[in-house]
Amino acid sequence: MQPILCIDFGSTFTKVTAIDIDVPRIIGRTQSFTTIHDDINIGLQKALDQLEELTGISDWPVRLACSSAAGGLKMIAIGLVPQLTMEAAKRAALSAGAKLLKTYSFELNDREIREIETLKPDILLLTGGIDGGNQKVIFHNAHKLCELNMRCPIIYAGNKTIANDIETILKKNHWDATIADNVMPTLNQLNIDSARACIRKVFLDHIVVAKGLTQVQRCIDNILMPTPSAVLLAAELLSKGYLSEPGVGELIIVDVGGATTDVHSVADGAPRQSNVVMRGLQEPFVKRTVEGDLGARYSLQALVDGVGIDVVASVINTSQEVVMQMLKDLVAHPESFMEEPGLLKTLDDVAAEIAVRESVTRHAGYLEVHYTPFGTIYQQTGKDLSYVSHVIGTGGPLIHHSNIRSALKASQADPKNPLSLKPNHARFYLDHQYILAAMGLLSLKYPSAALKLMKETIIEV
Amino acid sequence: MSSHTIVLGVIGADVHAVGNKILHYAYSQAGFNVVNLGVMVSQEEFIQAAIEADAKTMIVSSLYGHGELDCRGLRDKCIEAGLEKIKLYVGGNLVVGKTPFEEVQKKFLEMGFDRVYPPGSDPALSILDLEKDLGN
């Protein structure tokens, strides 16, 4: 037996998964509250003690860890035009597993500078201009950022023509600056690999210290990546396969959490018909979006407001006053679990279903119809996910859902909205053991085992 | 030769791609840095591209007769977006029917365009104008 330990320091729970790489199989999985305010090792040790009871193993020579504790990897992305470089910068940050606090476009003003100071990002991403394009606004923003009363690592991934000048300005003003390739070198071309690699490197070099997680180095070498980044790695591996072991093909992973809902798609997303013209920024093959107003706990109020409290009340068959009271209770006690059937459990289930429906609708592309002298032409914005074959659910509210299939079905295309490019005939799967992040970590060294375990463990519902 | 950037595209719901490709080739050969948006381009996309690319000129084509409708308000939006100085060129089958070109030209100049070209214009003409307007 060759045991490996994968640790996920979440904002609420520290989850540990033990794997025997020789078979391969999962030999145990436990969790304990994350103890960020005291010493993060206390929570980890508790989870490890439970794991020892379960497996009889106390010595873990290989320990791999990811983290979304202490607010995750908090980033701010700055671009020029909202639909172009700002969007590209946003995608670079999200694909690196960051929690995007805010995005800014055009010239930064004093109010925005003060706002960045209050938001306290871990990393700033400055972009703008295609190569050979705008310089004025980018110079303005670089100078403006120097007025901040804080410093953190900053990555410049804008117009390459002025990259050296920007680096000089930033370094002169005591910024820890890294230069990456432009996120949009020519119009509508998305080029985020270099920026993502820089974010990852900054994370590895700085984040354990920046987050006050240095005690963790007593137990493990380093935290390797933000948790969402691990989930993305797992998604890509599961879709594409590894060597002779085939993947499952194009897929979507919906991760409903307490504060946000993440959607990951691994799919080409290009138009499928000849009368469809693509518009806007190029779409990444592996794409992550995060919806901050769709969560089953911290952002439950926003979620219910989004669909209307009257709609929610009628679905769960009660009065609006009762729903309001329940919202208060749940937001005040986000840690409570709804295992017992009852109104609260029903509200939980409805919230998860709404989160799935809304988040996949926003993640998927859509068509616009144009009646031209040459017949009907469609313009596609975003990814066409109508042919995606696998929709995988994960996250507490889905794993504990009383009718998981019906919740995941909300990701399907709605005949009433034929222009939305959501999956048409997908099959539904559940990550019921919550292993995706662990498998992403494991895939760094043992991709073949991680792939095999995912294919075995993630069940069709 | 010039390294000025121009934004090129076919506006509105127009899918005529051939002329667009010819113009792209001609302007590139003439030494311009061409950001080609292709067909079915909205006014907003022209403006966004011009900002990111720091373009000095927008060259708008329209072949399907709805040019007047599609181009209306483009100058105002450019001013609003901080592109007051950008040169706006337009050409093609700009209106339906057999309106004399002088009338069409007058109409588009009034709409804030700097240069208007009739159908079948030689790209060499607009290249000369570009060099004049951009000071080369």
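A:Asp221 sits in the chain A loop that runs between helix H6 (193–210) and strand E10 (225–226); helices (H or I, at least four residues) and strands (E, at least two) are DSSP runs numbered from the N terminus. The model is predicted: local features need pLDDT of at least 70 and side-chain atom pairs count only at pLDDT 80 or more, while totals for chains, interfaces and linings use all residues. Residues are numbered from 1 along each chain as its sequence is written, and chains are lettered from A and ligands numbered from 1 in the order in which they are written.

**A:Asp221**
- A:Asp221 counts as exposed because it has 12 C-beta neighbours inside 10 Å; the cut-offs are 12 or fewer for exposed and 20 or more for buried, with partly exposed in between, using C-beta atoms placed from the backbone.

**Domains of chain A**
- Chain A is split into domain 1 (3–70 + 213–223), domain 2 (74–207) and domain 3 (233–460), with bounds from an automatic or database domain assignment.
- The C-alpha centres of domain 2 and domain 3 of chain A are 29 Å apart.
- Contact (C-beta atoms, placed from the backbone, within 7 Å) links 12 residues of domain 2 of chain A with 8 residues of domain 3 of chain A.
- Helix H2 (residues 82–95) of chain A contributes the most to the domain 2 side, with 7 residues.

**Confidence**
- The model has ipTM 0.85 and pTM 0.91.
- Chain B has an average pLDDT of 93, and 98% of the residues score at least 70; pLDDT is the predictor's confidence in each residue, from 0 to 100.

Conventions:
Contact = placed C-beta atoms within 7 Å.
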